[in-house]
Amino acid sequence: MATPSSFEFDGDLIAALRDARFIAVLTGAGISAESGLATFRDAQTGLWARFDPRELATPSAFARNPKLVWDWYAWRREHVAAARPNAGHLALAELEQRVPEFALITQNVDGLHQRAGSRNPIELHGNITRVKCSREGAIVRHWDARPDAVPHCANCGALLRPDVVWFEEMLPEQALAAADDAARRCNVLLVVGTSAEVYPAAALPALAQRSGAIIVEINPNATPLSATADYVLRGAAGVVLPALLAALD
Ligand code: OAD
């Protein structure tokens, strides 16, 4: 494991990135922290330190109290709309232009990668800006927003819900298959701003490493991945990623 100080990157890491035919990236909430969006598990500031996921992010919570769940996601959607992509998101959009094959796998639901210019991120946990019918799953673009009630699907009358993956739900099949394929085939996997605790996303680095990829963790804090990653770059994504990109020039 190599830990650079003030981002003097290991020469072997830079060589591996320059030689890579396929770079994959797995991102988590940490990459959006510098855009002002709360992470989940950071002590005090994390969403799950302030809110109970069992009351807000499960199918049974929605069945019990749909209005509470709808309003919580509406509140987060407002934060996401007000946020802007940061230097970390922009660096990944730029990296995509520089390598023959690139895959960006994200656990984030905020859509900031797309707004930074990333072309086709694999969204493992959905996207908070989309709304779908809770019965049929069809994406709904327009709905009657009322302060006192959860809107209904115009087609079947069921409640509408955010198009995100809740605890106890399956991940979207296509996205998971695409992420799995990228992990198996990439030469380098950058793991950025994730606590690496939530499966199946957390299994991707080990899969990539078994398949021969070099694993690079970018995170200011230690995670369960730190011990096995080939390189650990301790710092904020918005600082480390632009520096890494500059080092490739
Ligand atoms: P977590 O909140 O679990 O982890 C965020 C990680 O980002 C931590 O390891 C922090 O150290 C790191 N971090 C904080 N600031 C950073 C910065 N500026 N640059 C880089 N890293 C930074 O978030 P996730 O790993 O994304 O799922 O959580 C995974 C899933 O758990 C989420 O997608 C969500 C949640 O429950 C669902 O809602 C389905």
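Me: Which residues line the largest cavity?
Reply: The model is predicted. The cavity has a volume of about 50 Å³. Its lining consists of L17, A91, L92, L95, L190, L241, L244, L245 and L248.

Me: How many nonpolar, polar and charged residues does the lining of the largest cavity have?
Reply: Leu and Ala count as nonpolar. The lining is made up of residues such as A91 and L92. By class, that gives nine nonpolar, no polar and no charged residues.

Me: Which element gives the most to the lining of the largest cavity?
Reply: Two elements give two or more residues to this lining, helix 6 (87-98) and helix 10 (237-248). With four residues, the top contributor is helix 10.

Me: Which element supplies the largest share of the largest nonpolar core?
Reply: This core has 27 residues, and I23, L190 and L241 have the most contacts inside it. Elements that each supply at least two of its residues include helix 1 (11-19), strand 1 (22-27), strand 7 (188-192) and helix 10. The largest share is six residues, and it comes from helix 10.

Me: Which residues is L190 in contact with, leaving aside its neighbours within four places in sequence?
Reply: L190 is among the cavity-lining residues. L190 is also among those with the most contacts inside the largest nonpolar core. Its contacts beyond those neighbours are L17, I23, A24, V25, L26, L95, V216 and L241.

Me: How many residues does the second, separate core have?
Reply: This core includes C186, V191, L207 and I215. Its residue count is 25.

Notes:
Residues are numbered from 1 along each chain as its sequence is written. This is a predicted model: local features need pLDDT of at least 70, side-chain atom pairs count only at pLDDT 80 or more; totals for chains, interfaces and linings use all residues. Side-chain values use heavy atoms; hydrogens and water are left out. On a 1 Å grid over the protein atoms alone, a cavity is a set of points where a 1.4 Å probe fits but cannot get out, and a pocket is an open set with protein on both sides within 12 Å along at least five of seven lines; lining residues have an atom within 4 Å of a point. Grid points are joined across faces, edges and corners, and a volume is the space filled by probe spheres set on the points. A nonpolar core is a set of buried Ala, Val, Leu, Ile, Met, Phe, Trp, Tyr and Cys residues joined through side-chain atoms within 4.5 Å. Buried means under 20% relative accessible area, exposed over 50%, partly exposed in between (1.4 Å probe, protein chains only). Contact means heavy atoms within 4.5 Å.
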